[in-house]
Amino acid sequence: MAEATTAKRAADRQRSDPGPPSPRPPRRRRWLPGRRLTIVLLVLAAALGGFGGWALYGSSWLRIEHVSVRWRDEGPRNLTEDQVLEAAGVPLDSPMISLDKDAIRHRLLDRLPRLESVEVVRAWPHGVGLRVTERQAEVLIPVGDRYIEVDEGGVRFGEVAEPIAGVPLLELDLDEGPGLRRFGEDGIRREAVAVALSLPDVVREDLRVIRAASFDSVTLELTGDRTVFWGSSEDPEAKAEALAAVMEAAGDARHFDVSAPTVPAVSDD
């Protein structure tokens, strides 16, 4: 009886045991819409990039065909357009994208010292614009039968054969001494120009010659055989006020000293 019961239990276990799981059918890989869109966009970007590179560098659509010159303000205009174009050396028929604006700017400033500033701009699709400003002569230095033009920063930038109306002469009668060794001729020249620029308009109109012996010894020669000892370029406003006061008080005087503006002096000698 026990054996029959055991056999029955074994038979029941066999019927209830499902056995090893059957293998699952292979899952089909599905392309997600986001991945497909990404691939399409990458292909389009590569195609557009190649086309853009060809358009910028290889095609004839975006190449330099003409160069224009424009003076940017109402200052002097002594250079010609042909001089500026020749010095700029902009490579015609080259791709617009490869234009080296800094190189053109530096080339112009090196070759044409008369230029104070240069701006190079692209005028798509085929043009390049050069916007230039020339230096303004504030004083003239006589050298032989020529006159060297000097701008507001004391920079010598050009020569002219004749004096320029309204521009004073600068005579550098420099004393050998520590001042010359310390500041040099360039520094003293800048100092003399700074004095000229600081003068009141009424005095500037009468100014004919600036004589500089040292950094702090600048004398002005005005019309009517009048002179003004200005000293250095320091305290220009105080010196201008002192000069206006003594000229009004002693209009017939010929020599004025405002190097110490708190104690100006005048004389007829």
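Visitor: Which exposed residues does the face of α3 turned away from its buried side carry?

Guide: That face of α3 carries Asp82 and Glu86, where exposed means a relative accessible area over 50%, buried means under 20%, and partly exposed lies in between, with a 1.4 Å probe and protein chains only. Residues are numbered from 1 along each chain as its sequence is written, and side-chain values use heavy atoms, with hydrogens and water left out.

Visitor: What makes one side of α3 the buried side?

Guide: The buried residues of α3, a helix of residues 81-88, are Val84, Ala87 and Ala88. They cover an arc of only 100° around the axis, so they sit on the same side of α3; the arc is that of the directions from the helix axis to the C-beta atoms. These buried residues pack against β1 (66-71), α4 (101-111) and β3 (127-134), and just after the helix Gly89 takes a positive phi of about 60°.

Visitor: Why is Asp93 called exposed?

Guide: Asp93 has 53% relative accessibility and therefore counts as exposed. Asp93 is placed in the loop between α3 and α4, and its phi is near 65°, a positive value in a residue other than glycine.

Visitor: Why is Ile97 called partly exposed?

Guide: The relative accessible area of Ile97 is 31%, so this residue is partly exposed. Ile97 is likewise found in the loop between α3 and α4, and its C-alpha atom is separated by 7.9 Å from that of Leu62, which is 35 residues away along the chain.

Visitor: Why is Asp225 called exposed?

Guide: Asp225 has a relative accessible area of 58% and is therefore exposed. Asp225 lies in the loop between β9 and β10, with a positive phi near 55° although the residue is not glycine.

Visitor: Which peptide bond is cis, and where is its proline?

Guide: The bond that joins Trp124 and Pro125 is cis, with omega about 10°, and Pro125 is found in the loop between β2 (115-123) and β3.

Visitor: How do you know that the span of α7 is close to the expected one?

Guide: Helix α7 (residues 236-249) has 14 residues and reaches 20 Å from its first C-alpha to its last, close to the 20 Å expected at 1.5 Å a residue; the expected span is 1.5 Å times one less than the number of residues.

Visitor: What puts the buried residues of α7 on the same side?

Guide: Those buried residues are Lys239, Ala240, Ala242, Leu243, Val246 and Met247. They cover an arc of only 165° around the axis, and therefore lie on the same side of α7. On the other side Glu237, Glu241, Glu248 and Ala249 are exposed, while the cover over the buried residues includes α6 (201-204), β9 (217-222), β10 (226-231), β11 (255-257) and β12 (265-267).

Visitor: What makes a set of residues a nonpolar core?

Guide: The members must be buried Ala, Val, Leu, Ile, Met, Phe, Trp, Tyr or Cys residues joined through side-chain atoms within 4.5 Å. The largest such core has 29 residues, and those with the most contacts inside it are Ile210, Leu220, Val228, Trp230 and Leu243. Helix α5 gives the most to this core, with six residues, whereas a second, separate core of 20 residues includes Trp71, Val120, Val128 and Val132.

Visitor: How confident is the predictor in this model?

Guide: The mean pLDDT, the predictor's confidence in each residue from 0 to 100, is 85 for the protein, and 77% of its residues reach 70 or more. Over residues 51-58 the pLDDT is below 50, and this stretch has 13 contacts beyond near neighbours in sequence, a contact being heavy atoms within 4.5 Å. Where pLDDT is low, the predicted coordinates should not be read in detail.

Definitions and conventions. This is a predicted model: local features need pLDDT of at least 70, side-chain atom pairs count only at pLDDT 80 or more; totals for chains, interfaces and linings use all residues. Helices (H or I, at least four residues) and strands (E, at least two) are DSSP runs, numbered from the N terminus.
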